[in-house]
Amino acid sequence: MQTREETQPLLSLRDISKRFGGVRAIRHADLELRPGQVHAIVGENGAGKSTLIKILSGAEQLDTGTITLDGEAIGIRTPADAIERGIATVYQESQLFGELTVAENIFIGRELRRGPRVDWAEQNRHVVELLGRLDLPADIATRAVSTLSAAEQQQVSIAKALSRDARVLILDEPSAILTQAEIDVLFRAIRRLTDQGVAIIYISHRLDELFSIADVVTVMRDGRTLGTYDLAEMDVRRIAELMVGGEVLESSRDRRGTRGQPRLSLRGLGSSGRFHDIDLDVAPGEVVVLYGLIGSGVAEIASAVYGVDPITAGELILEGRRVRPRSPRHARSLGINLLPANRKAAGMFSFQPVAFNISVGNLRYFRRLAVWLDRDRERAAARGLIDRLAIKTPDERTHVGNLSGGNAQKVVLARQLVERPPVLVLAEPTQGVDIGAKEEIHRIIAELADAGTAVLVTSSDLGEAIRIADRLVVVREGTVFAEFPPHARQSEVLAAAAGERSGTDGGSAAQEEAPS
Amino acid sequence: MTTLTTGRGRGRILPPPVTGQELVLIGVIAALWLMLTLVTPSFGTAASLQPLLVRLAPVAVIAVGMTLVIVSGGIDISVAASLMVCSVVTAKLLVGTGLPMLPALLVSLALGGLLGAINGLLIVYGRVHAIIITFGTANLFQFIGLRIFDSQTVNNIPAAFAFLGRGEAGRTLGVPHSFLLMLLIVAAAWWYIRHMPSGRHFYAIGGDQRSARLAGIPVSRRIMSAYVLTGVLVGLAACMTLAGGTSTLDQNVGRGQELAVIAAVVIGGTSITGGRGSVLGSVLGALLVQTVRSGVTQLGWPSQLANLFVGLCIVIAVGTDLMRERRRAR
């Protein structure tokens with residue numbers, strides 16, 4: 001570590017830029033990686049981390065700039081190029097084959113042979129040695145990957161990356177899916193590798209853990225690298241400030257007077273292994289945002305309120321009555337409507353027209369004589385909502401799959417608004433939509449609240465959380481960690497969600513009590 | 001470190017040669033045979049078992065190819081139609097030219113391979129799901145087959161395939177040759193899929209095609225080879241069917257075989273979504289189906305009961321598979 005300054009950089013990126021159409025994903029980024037070093041890269045969603053990684057791993061190609069390996073300029077055109085140069089990447093999603101053994105997975109596509117057949121013994125010998133490097137038990141070499149835990153599978157992915165003599169190992173959010181004990185195991189493996197001279201690029205949203213594993217951190221914002229800092233001289237708050245910049249976000253909400261009784265209350269709500277002890281009130285006319293990083297449990301809270309994930313502890317109180325939604329259908333009949341995260345997988349019917357996407361789920365409302373659908377009413381409602389939400393579509397017969405992401409999201413939102421819902425739960429309402437649509441969706445959310453709906457939003461988008469929240473609740477490690485009023489500072493919220501070890505040291509939890 | 005590999009023998013390096021589900025199948029089949037032998041003494045006799053094995057052979061042979069196809073994430077529902085084309089062409093050839101067995105067999109294999117190649121090409125380059133492609137080609141092949149039949153049965157087929165037949169000429173020491181040939185093919189396929197790199201690739205492709213491609217596996221070539229191999233085996237099965245029948249061939253040949261084959265593969269523990277399965281299991285599945293059909297006949301029960309039992313087998317096989325998956329998912 002002390003020789004860091006003297007060692008020759010193993011890999012360096014100079015003045016890298018990359019555009020996607022009109023979007024400048026990376027602008028003049030620089031990075032210098034030294035052998036035996038763990039180099040963290042942090043930045044908000046969209047800051048350019050993943051694009052940078054993709055350029056290094058050969059999945060994307062740079063527009064301008066140079067990559068130097070061992071002082072020699074190189075080009076990385078394909079994933080195979082990167083692997084050949086000793087740059088290996090472990091992605092978040094597993095690329096292993098469940099039914100094959102660990103040893104087979106590591107050698108798949110380049111099997112060692114004896115005559116025409118696979119040389120099992122030789123492959124196994126290599127793999128056992130490799131597992132030893134990571135301090136993994138030798139006997140998992142012959143187990144089918146599907147029988148291993150997520151953490152073990154990740155270690156196997158690392159072993160696979162190393163099996164091709166990787167000198168640079170890129171870990172893309174390796175800790176997101178792991179428990180604390182598993183993270184410790186991962187860190188031990190990383191340290192063994194750095195001892196062997198491997199350089200590691202470590203992507204993470206969890207700033208606190210950087211201090212236990214990384215040597216230096218490069219902060220990215222808006223596609224730029226702001227600089228590389230020695231972690232010994234940093235703290236969570238300073239990194240968070242660099243990530244979000246000095247920009248002060250105006251909260252779009254002006255708080256109105258008293259809101260009266262809460263319409264929806266969560267009392268000690270828990271779902272085993274997902275989240276626990278959530279206490280929360282949402283009053284009519286109020287927008288409460290639950291903000292947390294991926295893996296913090298925020299997404300699961302929304303699912304549980306809507307009856308998708310089971311509630312195993314605590315209670316849900318709706319207008320003074322205890323309720324326990326058993327299914328989305330049940331939740332809706334109680335008056336809780338949900339805009340699901342990931343509209344493509346859980347929200348929209350791409351091959352169906354806009355009107356269908358709006359009326360489905362509200363069919364009782366459009367029923368005539370309890371039998372057939374009132375098509376005129378369906379059309380009228382669809383047209384009304386298209387106007388009200390300013391959905392850009394030729395007409396209500398257009399298939400949703402043909403609309404832009406933002407407009408498709410508005411269609412899915414429109415479905416929840418056919419009958420004015422008393423409670424609206426929105427999960428990641430603006431994920432994957434363009435900036436214009438995002439602002440409109442925020443405006444719609446504000447209007448709904450002003451009209452008396454109790455709105456609960458879960459979001460991993462910090463800017464959004466601050467902009468729309470009347471109250472911003474930070475969820476971390478499955479429970480409420482801190483609460484902020486409107487106009488909270490971005491860096492404080494981020495520091496609470498991503499790093500500071502306890503709620504008391506920054507004082508952010510204690511500092512703001514909900515006015516009661 | 002090496003003590004680990006050498007000390008405990010091959011069982012440590014490889015997955016077990018026979019999986020749990022296959023053992024269960026062997027047990028069920030053994031129990032069925034025992035029961036049938038006790039209840040109807042005629043079941044255990046050569047006169048009853050020989051036709052069973054002769055009928056088993058073509059289904060099991062196609063199931064070998066189908067296993068590769070399904071493990072790699074595809075499916076081939078055109079095998080019955082291909083079987084019809086191969087048998088009618090071969091039968092007409094035998095009638096018209098009096099070809100000896102070997103050339104006729106080669107013609108049938110080549111024709112089957114060609115039909116399989118059509119499937120493979122369409123699937124690899126068409127990028128449409130295999131069930132749609134082979135559903136289309138099944139109709140196409142059926143049309144071709146029926147045109148060749150020309151609304152007539154093929155009569156007076158010379159007994160060129162007697163060697164594979166159900167008569168005395170088709171047996172050695174009482175064991176039908178077609179069954180022996182099937183055993184040979186199963187053993188070869190078992191070894192191939194277990195020990196050859198390209199055999200292992202089918203599991204990777206069925207597990208995750210994109211990752212397989214990234215791992216440097218020639219995905220298109222492997223998929224292609226699975227369909228061609230299935231076609232060739234259909235060609236062989238056509239000859240077995242010709243040999244196992246009478247000297248006439250009618251338009252019903254092969255009807256329903258695709259479902260019999262897929263049933264065998266699924267009962268044998270192969271996941272219909274790909275990535276997992278075994279040749280041995282598929283053959284055991286075929287044997288179970290055939291045993292049930294024979295058993296129902298010999299017990300004098302109404303033959304539709306056989307469909308009920310086969311259906312139950314499928315439900316049980318898929319059910320246990322699902323339960324195992326869900327346990328694992330936790």
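The following legends describe close-up views of a predicted model.

**View 1**
Chain A contains 18 helices and 24 strands. Of its 516 residues, 48% count as buried. Among contacts in chain A between residues at least 6 apart in sequence, 69% connect residues at least 24 apart. The chain is divided into domain 1 (11–244), domain 2 (249–335 + 421–516) and domain 3 (354–420).

**View 1. The contact between domain 2 and domain 3 of chain A.**
To this contact, domain 2 of chain A contributes 13 residues and domain 3 of chain A contributes 11 residues. On the domain 2 side, helix α15 (residues 435–450) of chain A gives the most, with 6 residues. By class, the side of domain 2 that touches domain 3 comprises 7 nonpolar, 3 polar and 3 charged residues.

**View 2. The side of chain B that touches chain A.**
In this view, 24 residues of chain B are in contact with 27 residues of chain A. Four helices of chain B, namely α1 (2–7), α2 (10–13), α9 (197–207) and α10 (209–214), each supply at least two residues of the side that touches chain A. The most comes from α9(B), with 5 residues. Sorted by class, this side of chain B has 12 nonpolar, 7 polar and 5 charged residues.

**View 3. The largest nonpolar core and the surroundings of Ala63(B).**
The largest nonpolar core has 252 residues. Those with the most contacts inside this core are Val289(A), Val425(A), Leu472(A) and Val493(A) from chain A, together with Ala60(B) and Ala63(B) from chain B. In soluble globular proteins, nonpolar side chains tend to be buried together. Leaving aside residues up to four places away in sequence, Ala63(B) touches Val261(B), Ala264(B), Val265(B), Ser282(B), Val283(B) and Ala286(B).

**View 4. An open sheet of 4 strands in chain A.**
The strands follow the order β14-β13-β16-β17, with antiparallel pairing. At the edges stand β14 (275–282) and β17 (321–323) of chain A; each has a single partner strand, so one side of each is left without a neighbour in the sheet. On average, neighbouring strands of this sheet are turned by 25° against each other, direction ignored. Strand β16 (residues 313–318) of chain A pairs with β17(A) in the antiparallel sense over 3 bridges. Within this part of the sheet, Ile317(A) has Arg322(A) in β17(A) as its bridge partner.

**View 5. An open sheet of 6 strands in chain A.**
Here the order is β18-β21-β22-β15-β23-β24, and the pairing is mixed. The edge positions belong to β18 (336–339) and β24 (479–484) of chain A, each with a single partner strand, so one side of each has no neighbour in the sheet. From one strand to the next, the twist averages 20°. Strands of a sheet pair through backbone hydrogen bonds, either parallel or antiparallel. Strand β21 (residues 423–427) of chain A and strand β22 (residues 454–459) of chain A run parallel and are joined by 5 bridges. The bridge partner of Leu424(A) in β22(A) is Val455(A).

Technical notes. Residues are numbered from 1 along each chain as its sequence is written. Chains are lettered from A and ligands numbered from 1 in the order in which they are written. This is a predicted model: local features need pLDDT of at least 70, side-chain atom pairs count only at pLDDT 80 or more; totals for chains, interfaces and linings use all residues. Two residues are in contact if their C-beta atoms, placed from the backbone, lie within 7 Å. Ala, Val, Leu, Ile, Met, Phe, Trp, Tyr, Cys and Pro count as nonpolar, Asp, Glu, Lys and Arg as charged, and the others, Gly among them, as polar. Domain bounds come from an automatic or database domain assignment. A nonpolar core is a set of buried Ala, Val, Leu, Ile, Met, Phe, Trp, Tyr and Cys residues joined through C-beta atoms within 7 Å. A residue is buried if 20 or more other C-beta atoms lie within 10 Å of its own, exposed if 12 or fewer, and partly exposed in between; C-beta atoms are placed from the backbone. Two strands pair if DSSP finds at least two bridges between them. Axes are lines fitted to C-alpha atoms, for helices over the stretch in contact, and angles run from 0 to 180 degrees between N-to-C directions.
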